[in-house]
Amino acid sequence: MIEIKEVTKKFKDKKVHVTALKHISLTVEKGQVVGLLGENGAGKTTLLRSIATLLTPSEGSITVDGFDTVKNTNDIKKKIGVLFGGETGLYDRLTAKENLEYFATLYGLGKHETKVRINDLSKMFGMKDYLDRKVGGFSKGMRQKVAIARTLIHDPSIILFDEPTTGLDITSSNVFRQLVHQLKQEDKTIVFSSHIMEEVSMLCDSVAMMHKGEVVYKGNLEELYEEEGSRDLNYIFMSKLVRGDV
Ligand SMILES: Nc1ncnc2c1ncn2[C@@H]1O[C@H](COP(=O)(O)OP(=O)(O)OP(=O)(O)O)[C@@H](O)[C@H]1O
Ligand SMILES: [Mg+2]
């Protein structure tokens, strides 16, 4: 369970102050899949980085399964898997398998467990053919699959993905979608940001819509559809922007 309470995040960029998050409160229950929606610069990545203990809130607090993101960083790191768009965190000179083994070691996995995990993940992502090739020569989609596998290597119970399918082809995006379904069955908690409304409406139980650092709508997708009299998330989001009630 993730509890975000009145979180504000300010950045000092030279002499300009940017308030990326403004009094955000949001609760994500165990087993939920939550989509973060919002225009460029809305604060999605900042919020995900804050949950992942990579940023310290200027005000407010975030707890993950009761652990505080500022005080109990290590406890949280063990139970979360994070993947940020564009930052795969992989080593080009190592093979896909060596990369995964490296991250498994960081998380303290034993040899046998590592082998089983890599085998399962490479089967799931269809990576068997290139497990022993160096990541440096991989295409964007191949890289992203290894990066997603790296995120899941320690079997985290909470997973944060920042724009996980940006740049992936249809097949790889479908692999991601299947993965989310599977993780959901395993009762994992997932928060991911996306600009792809179809993906969010297919995968998420609920959404948080962000606008200029604020959460302007949060709640169950079915309830939102009912309220708005439409199941077109793209339309709902845009009409909220135009109506100005976001
Ligand atoms: N390290 C930083 N220093 C200064 N400003 C920052 C920093 N990180 C984020 N910001 C600012 O915070 C605001 C929110 O950025 P953020 O990256 O969270 O948006 P986003 O919703 O993820 O956007 P996108 O859809 O483009 O990825 C922006 O105004 C951004 O410039
Ligand atoms: Mg972002």
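Visitor: How many bridges join β6 to β7, and is the run parallel or antiparallel?
Guide: Strands of a sheet pair through backbone hydrogen bonds, either parallel or antiparallel. Here four bridges join β6 to strand β7 (residues 158–162), and the two run parallel. Two strands count as paired if DSSP finds at least two bridges between them. Strands (E, at least two residues) and helices (H or I, at least four) are DSSP runs, numbered from the N terminus. One residue pair to look at: glycine 81 has isoleucine 159 in β7 as its bridge partner.

Visitor: What should I know about the model itself?
Guide: This is a predicted model, where local features need pLDDT of at least 70 and side-chain atom pairs count only at pLDDT 80 or more, while totals for chains, interfaces and linings use all residues. Residues are numbered from 1 along each chain as its sequence is written, chains are lettered from A and ligands numbered from 1 in the order written, and side-chain values use heavy atoms, without hydrogens or water.

Visitor: In what order do the six strands of the open sheet stand?
Guide: The order is β6-β7-β8-β3-β9-β10, and the pairing is mixed. β6 (80–83) and β10 (214–220) are the edge strands, each pairing on one side only. From one strand to the next, the twist averages 15 degrees. Helix α8 (residues 221–228) packs on this sheet, touching β9 (206–211) and β10. The direction of α8 makes about 100 degrees with that of β10. Contact means heavy atoms within 4.5 Å. Axes are lines fitted to C-alpha atoms, for helices over the stretch in contact; angles run from 0 to 180 degrees between N-to-C directions.

Visitor: How do the four strands of the other open sheet pair?
Guide: They pair antiparallel, in the order β2-β1-β4-β5. β2 and β5 (67–68) stand at the edges with a single partner strand each, so one side of each has no neighbour in the sheet. β1 and β2 are joined by nine bridges. Lysine 9 stands opposite leucine 21 in β2, and lysine 10 opposite threonine 19. The β1–β2 hairpin has two residues between its strands, and lysine 14 there takes a positive phi near 55 degrees. On to β4: β1 pairs with this strand over five bridges, with threonine 8 partnered by glutamate 59.

Visitor: Which strands does α1 lie across?
Guide: α1 lies across β1, β2 and β4 (59–64), at about 65 degrees to β2. Now follow α1 to the ligand. Helix α1 supplies three residues, the largest share of the shell around ligand 1. β1 (2–13), β2 (16–28) and α1 (44–51) each give at least two.

Visitor: How many residues surround ligand 1, and which are closest?
Guide: 14 residues surround ligand 1, the closest being Gly41, Gly43, Lys44, Thr45 and Thr46. A residue is near if one of its heavy atoms lies within 4 Å. By class, the shell has four nonpolar, six polar and four charged residues; Gly counts as polar.
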